[in-house]
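Here is a short briefing to read alongside the model.

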Amino acid sequence: MYTLKPFYAFLWALSLFSSSVSAADLDLSGVDDDAEATRKINVWLTDIGYTAKVSTSGDKLFLDEGDKYALLPLVTESGIDRIVIYKVFKGKPSNVNAEALHAIVRQINADFNVCTAFVDKGGALQLRFSIIFEDKLSPRLFRNTMQHVKAGSTAIIKEYREKFRPYFD
Amino acid sequence: MKKILLASLSLACLISGGLRAADLNVADVRKDEDASVLLRGWAADIGYTATISDSRKVVFLKDGLDYMLAIKVSASGIDRVIIYNIYKGKPSNASSRELMAIVREINMSKNVCAAYVDKDGDLVLRFVLSFDDRLSPKLFRNQIDHVKAASQNILDEFSSKLDPYYE
């Protein structure tokens, strides 16, 4: 009977361990359609413990983490893909023309290098983050990014809470 | 036969290790300034013209356009390279309501970067690339190309509106 020498046994174990770790990565190799990417991401998010739902249009996902987030996958043929993450704070329609609010948002964009802030056409404040990756995305990078999104959103709201009060519910 | 298989496995591991050596690795780096030094050296190794500021807080990169890069490392979370593309403007831009409306339109319609006018009146386009300790040359190069293309796209689309404010 053949037995593995310790060094080769170590290499073999290492390769097994390595493949089991990468098996949990999101793999969008060969996917160049955003809707297909959305479906794959939905399955992967469930596998790694998130609760997500695909939009009726099929091109975005809603993630429920206590707070709610919208995720928009964008894939390319070059293999460099992005997931754009939005945190939306509902606001009054009149916010669109509120110069003082736009001044606050400008300040956020200049001071916080974590996201893009803007007031949308409905008067909501949107904070936009993104993850860029090369076909494969590890659960660790995704989880850490979501932590970063939560911490960044919280820090911004905390700092501007008083100034935001007249514009948001 | 088994020896050949085992030797092939070992060779595959060596090749894989060799390829990974070209990644930027900040796993053991705790200070942004130290990461900047690594980033400058690594960017030069993979073919960019890169210099570092005296404070070691930012790296300047040349690739057709001039970019300013800041790197932020974190022990437990994610590391980030922040890429700034800056267009010189007039100091009076900082208080122009019309320009602020244009910048808001850019932020609303383009989901690739954050645009803002700094206190000197310059238009800043800020892009963020997050990574988990290791950054591959392919992803970095692709991001720089993406920054270049996206910036050009924004300038082309908004050129008639931005022209009065920028040289």
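Apart from its neighbours within four places in sequence, B:Ala115 is in contact with B:Val103, B:Ile106, B:Asn107, B:Leu123 and B:Leu125; contact here means that C-beta atoms, placed from the backbone, lie within 7 Å. This is a predicted model, in which local features need pLDDT of at least 70, side-chain atom pairs count only at pLDDT 80 or more, and totals for chains, interfaces and linings use all residues. Residues are numbered from 1 along each chain as its sequence is written, while chains are lettered from A and ligands numbered from 1 in the order in which they are written.

**The nonpolar core**
- B:Ala115 is also one of the residues that touch the most other members of the largest nonpolar core, together with B:Leu39, B:Leu69, B:Ile83 and B:Phe127.
- That core has 75 residues; a nonpolar core is a set of buried Ala, Val, Leu, Ile, Met, Phe, Trp, Tyr and Cys residues joined through C-beta atoms within 7 Å.
- Strand β7 (residues 123-131) of chain B gives the largest share of this core, 7 residues. Strands (E, at least two residues) and helices (H or I, at least four) are DSSP runs, numbered from the N terminus.

**B:Tyr87**
- B:Tyr87 lies in strand β5 (residues 79-87) of chain B.
- Because 17 other C-beta atoms lie within 10 Å, B:Tyr87 is partly exposed (buried takes 20 or more, exposed 12 or fewer, partly exposed is in between, with C-beta atoms placed from the backbone).
- Leaving aside neighbours within four places in sequence, B:Tyr87 is in contact with B:Asp122, B:Leu123 and B:Tyr166.

**Helix α2 of chain A**
- The 14 residues of α2 (residues 34-47) of chain A should span 20 Å at 1.5 Å a residue, and the end C-alpha atoms are 20 Å apart, which agrees; the expected span is 1.5 Å times one less than the number of residues.
- Its buried residues are A:Ala37, A:Thr38 and A:Ile41. Seen down the axis of α2(A), they fall within an arc of 100 degrees, so they line one face of the helix; the arc is that of the directions from the helix axis to the C-beta atoms.
- These buried residues pack against β1 (26-27), β2 (52-54), β3 (61-65) and β4 (67-74) of chain A.
- The face turned away from the buried side carries the exposed residues A:Val43, A:Thr46 and A:Asp47.
- Just after α2(A), A:Gly49 takes a positive phi of about 100 degrees.

**Where the chains meet**
- Chain A gives 26 residues to the contact and chain B gives 26 residues.
- On the side of chain A that touches chain B, the largest share, 6 residues, comes from α4(A).

Definitions and conventions
Two residues are in contact if their C-beta atoms, placed from the backbone, lie within 7 Å.
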